[in-house]
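Subject: Structure handed over, with notes

Dear colleague,

Please find below the structure that I am passing on to you, with the sequence alongside. My notes come after it, and I would be glad if you read the two together.

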Amino acid sequence: MIIEASVPLKLTLFGEHAVVYGKPAIAATISEFLKVKVTKSDRFTVVSPSLNLKGVKVNLDDMKVENEQVSRLLNYVSESIKAVGNEPVKVEIESPVEPSVGLGTSAAVIVGTIAAYSTFLGNQLTKEEIAMKSHEVELKVQGIGSRMDTYVESLGGIILFNGNKEERLESKLSFVSGYFKRSMTTAEMLRKVKEFKEKNNNLFSRIIDSIGDLVMEAKEYMVNNDEDGIGRLMYVNHGLLFSMGVTVPEVDEVISRARNVGIKGAKISGGGAGGSVIMTPDPPSAFLLRSFGAYVINASFSEGGVTIKRIR
Ligand SMILES: Nc1ncnc2c1ncn2[C@@H]1O[C@H](COP(=O)(O)OP(=O)(O)O)[C@@H](O)[C@H]1O
Ligand SMILES: C[C@@](O)(CCOP(=O)(O)O)CC(=O)O
Ligand SMILES: [Mg+2]
């Protein structure tokens, strides 16, 4: 039997990082899907062509790879398997993007593995159950994080996260997005922001309060399809993330150029340190992203969240 889960990646429209500290955020699933296939096997195997190692350390007696990097890279998958069962399977992960790009690939690996493996074991979970289990796994692996990515990718659509409530939003607005190479993973960026908070508690509270306020304003602009209003808030949100050290000069230059050529809105999306950038869909947006070396993705919104099918 082969079970395949297809998980939409996501854009963080507003509120990344602040959401970890209880502030609102808006995230939306897009039409790029990470697939996780689970097949019966006599031992646990993970196959993921898009993962790569920097340097190799191999025990030549049994050709076993001994890079400590491997366990860190596969932590999201292995913890997802442990959360569901212990029957050996082969897990194959097929991603439309590189790992760690600010598009929720970590959450997608978790959501897809939990969805496919639990179905393989005959324990079909609801999307809410998948979301809850996935958030627990991402939190266990990273030590810090919000439920935003795992919930939006399990449930799909545009979702406002506000305290312990989720509100589905309808909007006709769309975005353009591309990603740049990253210098750090989201887990590392989360620790960096936590250090900033510990060194500047008062200032940090004022920054995330401002982000929280702009997210609630953005919600109104989203449902009223006010692209000018959304654009203005995107630049402000980016500036507040810059103030916490989340952005990098190469990407800040792209955002400044975007404003300079009259693009209504631009900001990073996700953990930062490079990675994903979103812009309002003005004529120069995709060209500007590509001209700076970004890989432009299909950022059209998708509905429905994770889907599971039996292949054989
Ligand atoms: N295709 C993949 N196969 C296996 N693990 C993956 C894959 N994509 C991402 N991951 C895991 O997720 C980690 C990236 O998480 P994160 O930095 O949060 O990226 P993102 O911002 O895309 O969610 C990777 O270091 C790896 O451990
Ligand atoms: C930075 C954060 O708000 C979003 C992380 O998004 P991503 O893993 O970089 O796609 C972290 C979180 O919400 O857990
Ligand atoms: Mg992630």
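The notes below take the domains, then the ligands, then the salt bridges.

Please keep in mind that this is a predicted model, in which local features need pLDDT of at least 70 and side-chain atom pairs count only at pLDDT 80 or more, while totals for chains, interfaces and linings use all residues. Residues are numbered from 1 along each chain as its sequence is written, chains are lettered from A and ligands numbered from 1 in the order in which they are written, and side-chain values use heavy atoms, with hydrogens and water left out.

The protein is divided into domain 1 (2-168 + 301-310) and domain 2 (176-296), with bounds that come from an automatic or database domain assignment. The centres of the two domains, taken over C-alpha atoms, are 23 Å apart, and 30 residues of domain 1 are in contact with 41 residues of domain 2, where contact means heavy atoms within 4.5 Å. Between them the domains bury about 2700 Å², 68% of it on carbon and sulfur atoms; buried area is the accessible area (1.4 Å probe) that two parts lose on being put together, summed over both. On the side of domain 1, Phe14, His17 and Tyr21 supply 27% of the area buried against domain 2, more than any other three residues.

Across this interface the rule finds four salt bridges, a salt bridge being a side-chain nitrogen of Lys or Arg within 4 Å of a carboxyl oxygen of Asp or Glu. Lys219 forms a salt bridge with Glu167, and their closest N and O atoms are 3.2 Å apart. The elements that give two or more residues to the side of domain 1 that touches domain 2 are strand 1 (2-14), strand 2 (25-40) and strand 7 (158-162), and strand 1 has the largest share, with five residues. Helices (H or I, at least four residues) and strands (E, at least two) are DSSP runs, numbered from the N terminus.

Turning to the ligands, 20 residues lie around ligand 1, and Ser48, Leu73, Ser100, Gly102 and Thr105 come nearest; a residue is counted here if one of its heavy atoms lies within 4 Å of the molecule. An oxygen atom of ligand 1 lies 3.0 Å from a polar side-chain atom of Ser106, and an oxygen atom of this ligand is 3.1 Å from an N or O atom in the side chain of Arg182.

Ligand 2 is surrounded by 18 residues, the closest being His17, Gly104, Ser146, Thr186 and Gly271. A polar backbone atom of His17 is 2.9 Å from an oxygen atom of ligand 2, while a polar side-chain atom of Ser146 lies 2.7 Å from an oxygen atom of that ligand.

Finally, a search of the whole structure finds 16 salt bridges, and the side chains of Glu98 and Lys181 meet in a salt bridge at 2.9 Å, N to O. Glu98 lies in the loop between strand 6 (89-94) and helix 2 (105-120) and Lys181 in strand 9 (residues 176-182), so this pair ties together parts that are 83 residues apart in sequence.

With best wishes

Definitions and conventions. A polar contact is a pair of N or O atoms within 3.5 Å; within protein, one must be able to donate a hydrogen and the other to accept it, and residues adjacent in sequence count only if both atoms are side-chain atoms.
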